[in-house]
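Subject: Structure for you to look at

Hi,

Here is the structure I promised to pass on. My notes follow below it.

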Amino acid sequence: MTYGCGSNSDCSSQLSRLERVLRRARSADADAIAAVLTAARAEQAFIPLLHTPEDDRRFVTERMLPANEVWVVDEAGEVVGFASFGHDRVGHLYVAPRAQGSGIGRVLLAKVKERRPDGFTLWTHQPNAPARTFYEREGLATVEFTDGSANQEKVPDVRYEWRPRGRGAHG
Ligand SMILES: CC(C)(COP(=O)(O)OP(=O)(O)OC[C@H]1O[C@@H](n2cnc3c(N)ncnc32)[C@H](O)[C@@H]1OP(=O)(O)O)[C@@H](O)C(=O)NCCC(=O)NCCS
């Protein structure tokens with residue numbers, strides 16, 4: 001399979017289906033990104049649902065997009081996954097439930113590695129076994145565990161780190 005490339009992509013990632021495009025997010029994507037976030041969180045029984053869809057739309061518009069580098073996978077004109085990251089930390093990596101397990105998360109994470117070649121960290125909840133399996137398969141390593149008292153959901157969490165090969169760790 002071949003992947004299409006958005007205007008801001010260099011086509012070097014492991015892209016796949018022709019109708020899928022990996023590209024930088026635009027402000028017009030805000031509602032679609034929020035819809036992915038809302039739908040994916042709704043499937044996660046291990047965390048309390050703290051935010052309404054409207055909260056998620058406001059968060060994406062007012063906080064995520066202005067302050068982060070955000071990439072989306074667009075499938076036939078519909079956003080099906082996104083990654084949002086700052087200088088050295090990935091804030092969000094989410095794929096719509098119906099599109100999970102088809103390689104989108106891997107493509108997004110590969111883009112983060114390309115854009116942050118010195119490495120990065122991210123947090124996930126300890127009970128999020130699917131995400132933890134995914135991150136560990138993608139070469140991230142656990143570096144810190146907490147009891148969750150400092151996160152919004154109060155669910156134990158774990159910090160992962162990715163460092164490029166030859167610079168001390170994983171990849
Ligand atoms: C975790 C997540 C980002 C992974 O993205 P994805 O598009 O589903 O993953 P991919 O299809 O790219 O999977 C890449 C590899 O991981 C494997 N994988 C994906 N989900 C898995 C799961 N639940 N259990 C075991 N392996 C899994 C895939 O089989 C694939 O391996 P393969 O290429 O050898 O077949 C996505 O499932 C998601 O959005 N989950 C809900 C939100 C979330 O928890 N985000 C992380 C919060 S920090």
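Start with the sheet. Strand 4 and strand 5 pair in the antiparallel sense, over 5 bridges. Helices (H or I, at least four residues) and strands (E, at least two) are DSSP runs, numbered from the N terminus. Two strands pair if DSSP finds at least two bridges between them. The two form a hairpin with 3 residues between them. S84 has H92 in strand 5 as its bridge partner.

This is a predicted model: local features need pLDDT of at least 70, side-chain atom pairs count only at pLDDT 80 or more, and totals for chains, interfaces and linings use all residues. Residues are numbered from 1 along each chain as its sequence is written.

Strand 4 (residues 78-85) also pairs with strand 3 (residues 69-75). That pairing is antiparallel too, over 7 bridges. V72 sits opposite F82 in strand 4. This hairpin has 2 residues between the strands, and A76 there takes a positive phi near 50 degrees.

Is strand 4 mostly covered or mostly open? Mostly covered: 7 of its 8 residues are buried (20 or more other C-beta atoms within 10 Å of their own, C-beta atoms placed from the backbone).

Now the ligand. The shell around the ligand holds 19 residues (C-beta atom, placed from the backbone, within 6 Å). V95, Q100, G105, R106 and P130 come nearest. Strand 5 (89-95), helix 3 (104-115), strand 6 (120-125) and helix 4 (129-137) each supply at least two shell residues. Helix 4 gives the most, with 5 residues.

Best wishes

Terms used
Buried ≥ 20, exposed ≤ 12 C-beta atoms within 10 Å, placed from the backbone.
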